[in-house]
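Here's a quick briefing on one model, grouped by topic. Have a look at the structure first, then read on.

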Amino acid sequence: MAYTNEVIASARRALEEKRQAYENARESRTAEIYKVLPQVREMDQQMRTNMIRAVQQALAGGEAAIDRARMQNRTLEANREALIRATLGEAYLDQAPLCLHCGGAGYVGTQMCVCLEELCRQEQGKQLRRLAREGAFEEFDLSLFSDKVHPEFGLSPRSMMERLLKRAKSYAATFDSGSDSLLFTGDTGLGKTFLSACIAKAVAQRGFSVGYESAPHLLEKLQKAKFSDDPQDAKNAAFLAECDLLVIDDLGTEMVNQSTRSNLYVLVNDRLQGEKPTIISSNLRMQEFEQRYGRQVASRLLYAYTHYPFIGTDLRKGKI
Ligand SMILES: [Zn+2]
């Protein structure tokens, strides 16, 4: 699973806070144990001394010393436990490590541990929630859409939205690497951004890595990666190419030139070939894609994406 460095950095900070809290709790437990049971402090010291001495002896050629010290310490450990349990109770015994796999380090070798991966998932969810504060399917208000039949499409914006909502929910619920790429078109304020944010959030909650960018920001990132020496810029661009689902919001609002066109083509094409679904929302009309991005990009969007036109008038201006 690929996450942005930003997500990984916040997840690592969250893990560090957990580790700190775990350590603090352990220290205050130990302090209290030593206060009530001073003999436990002596036992702890004895165990440390046993080990240090054993290591010294082992270095001098007495390999058996370590095993002997381990045995002694096991007995001391058992006595220590029994004493604490009898006097202070179970809660004062050493707790399970922060993570059974990595001990709280976040990595097993070079591999990210499941505990840190879980935190990444949570952090990504938080970021997406910030992005789309209201972006949850259940908050989608169909009554905002007019129920008057639209002359061009032969159905009302509300019934069209109802269908789109149903489709979006099932898309998010069954999302996988083989899912379609989607193209949402229509005027500003018809719920394209909202619906794509809902999908992004629901897909991320299922554990997939999700990128969500406005088109200007996305194209800026791609452009930056081309000329930058900062490895972070290359990683940002790689994430856009590799994340499980990429949402590009508001395509058509950015400045275009030869370079943005070719960057967009490479991204769209690579993701299609790698079976990485993308959702694009745009105010552009179908014929404008070709004028703006050239035939190569337009044909990918027209033939490889599933197209959903949004109809109606700007919700922010009220119903028709
Ligand atoms: Zn772990």
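Phe208 sits in the loop between α6 and β4; helices (H or I, at least four residues) and strands (E, at least two) are DSSP runs, numbered from the N terminus. This is a predicted model, where local features need pLDDT of at least 70, side-chain atom pairs count only at pLDDT 80 or more, and totals for chains, interfaces and linings use all residues. Residue numbers start from 1 along each chain as its sequence is written.

**Around Phe208**
- Phe208 counts as buried, with 21 C-beta neighbours inside 10 Å (buried is 20 or more other C-beta atoms within 10 Å of a residue's own, exposed is 12 or fewer, partly exposed is in between, with C-beta atoms placed from the backbone).
- Skipping neighbours within four places in sequence, Phe208 touches Phe175, Val203, Asp244 and Leu245; contact needs C-beta atoms, placed from the backbone, within 7 Å.
- Leu37 is 171 residues from Phe208 along the chain, and their C-alpha atoms are separated by 50 Å.

- Gly207, with a positive phi near 100°, follows α6.
- Helix α5 (residues 157-174) packs on α6 at an angle of about 25°, their axes 9 Å apart (axes are lines fitted to C-alpha atoms, for helices over the stretch in contact, and angles run from 0 to 180 degrees between N-to-C directions).
- That makes the two helices, α5 and α6, roughly parallel (under 35 degrees; over 145 is roughly antiparallel, 65 to 115 roughly perpendicular, and the rest oblique).
- On the α5 side the contact involves Leu164, Ala168, Tyr171 and Ala172, and on the α6 side Leu195, Cys198, Ile199, Ala202 and Val203.

**The sheet**
- Five strands form an open sheet in the order β4-β5-β6-β3-β7, with parallel pairing (a pair needs at least two DSSP bridges).
- β4 (210-214) and β7 (305-309) are at the edges with a single partner strand each, so one side of each has no neighbour in the sheet.
- Strand β3 (residues 181-185) runs parallel to β7, joined by five bridges.
- Phe184 has Tyr308 in β7 as its bridge partner.

Technical notes: Two residues are in contact if their C-beta atoms, placed from the backbone, lie within 7 Å.
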